[in-house]
Amino acid sequence: MSAAVEHINPDGLIRNPAFTQVVTVTGPVKTVYIGAQNAVDGDRNIVGRGDIGAQTEQIMKNIDLCLEAAGAQREHLISWNIYIAAGQDLGPAFEAGMRWWGGRPNPPLNNVMFVSGFAPGDFLISIDAIAVVPT
């Protein structure tokens with residue numbers, strides 16, 4: 001079976017010529033690569049300025065949109081990278097993420113990194129993710 005690559009920009013998220021929101025690779029499994037999500041809604045509004053918890057909630061909504069567009073679910077997530085602006089309190093972001101995960105078994109592996117900042121500077125957190133869907 002040959003692999004197929006699909007680039008998806010789901011409705012509800014911004015479309016930008018510089019990046020794709022979701023990329024899937026299908027072979028014996030479908031691998032879904034979700035580009036770095038930040039606290040921007042589909043109308044290009046920054047959600048939760050100054051509030052890492054609110055920004056995390058918007059990022060989780062964006063990840064849900066990406067998963068759904070790719071035919072995946074939260075349970076298919078295997079990995080994510082979490083980038084946090086240096087000096088931010090992790091607590092509100094962690095709490096928002098755990099509410100979103102909802103006590104499911106087998107959470108994805110994660111890498112949490114502090115970064116000096118984002119462009120634009122209103123962003124406090126960014127998350128990219130990988131999901132694997134059995135075919």
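## Terms and basis

A residue is called buried when its relative accessible area is under 20%, exposed when over 50%, and partly exposed in between (1.4 Å probe, protein chains only). By this rule threonine 31 is buried, because its relative accessible area is 14%.

The model is predicted: local features need pLDDT of at least 70, side-chain atom pairs count only at pLDDT 80 or more, and totals for chains, interfaces and linings use all residues. Residues are numbered from 1 along each chain as its sequence is written, and side-chain values use heavy atoms, with hydrogens and water left out.

## Overall architecture

The protein contains 2 helices and 6 strands. Helices (H or I, at least four residues) and strands (E, at least two) are DSSP runs, numbered from the N terminus. Read from the N terminus, the order of elements is β-β-β-α-β-α-β-β.

Along the principal axes, the C-alpha atoms fill a box of roughly 45 × 35 × 25 Å. Contact means heavy atoms within 4.5 Å. Of the contacts with a separation of 6 or more, 70% are between residues 24 or more positions apart.

## Surface and charge

Buried residues account for 41% of the 135 residues. The protein exposes about 7,100 Å², of which carbon and sulfur atoms supply 54%. Accessible areas come from the Shrake-Rupley method with a 1.4 Å probe; for residues, only the protein chains shown count as cover.

There are 8 positive and 13 negative side chains, and the centres of the two sets lie 3 Å apart. Lys and Arg count as positive and Asp and Glu as negative, while His and the chain ends are not counted. Each charge is placed at NZ of Lys, CZ of Arg, CG of Asp or CD of Glu.

## Nonpolar core

A nonpolar core is a set of buried Ala, Val, Leu, Ile, Met, Phe, Trp, Tyr and Cys residues joined through side-chain atoms within 4.5 Å. The largest such core has 26 residues, and those with the most contacts inside it are Val32, Ile63, Leu77, Trp80, Ile125 and Ile127. At least two core residues come from each of β3 (29-37), α1 (52-69), β4 (77-85), α2 (90-101) and β6 (125-134). Helix α1 supplies the largest share, 6 residues. In soluble globular proteins, nonpolar side chains tend to be buried together.

Apart from neighbours within four places in sequence, isoleucine 63 is in contact with Ile34, Gln37, Trp80, Trp100 and Ile127.

Glutamine 58 lies in α1 and is buried, with a relative accessible area of 10%. Leaving out residues up to four places away in sequence, glutamine 58 touches Asn38, Ala39, Val40, Asp41 and Val47. Its C-alpha atom is 7.5 Å from that of asparagine 38, at a sequence distance of 20 residues. Asparagine 62, also placed in α1, counts as buried at 2% relative accessibility. With the residues up to four places away again set aside, asparagine 62 touches Leu13, Gln37, Asn38 and Val40. Between asparagine 62 and valine 132 there are 18 Å from C-alpha to C-alpha, and the two are 70 residues apart in sequence.

Threonine 31 belongs to strand β3. Beyond residues up to four places away in sequence, threonine 31 touches Val23, Thr24, Val25, Ile130, Ala131 and Val132. Threonine 31 and aspartate 41 are 10 residues apart along the chain, yet their C-alpha atoms are separated by 25 Å.

## Backbone exceptions in loops

Most residues other than glycine have a negative phi, and most peptide bonds are trans. Arginine 44 has a positive phi, near 70°. Arginine 44 sits in the loop between β3 and α1 and is exposed, with a relative accessible area of 53%. Asparagine 106 also has a positive phi, of about 55°, without being a glycine. The loop between α2 and β5 holds asparagine 106, which is exposed with a relative accessible area of 64%.

The peptide bond joining alanine 119 and proline 120 is cis, with omega about 0°. Proline 120 is located in the loop between β5 (109-115) and β6.
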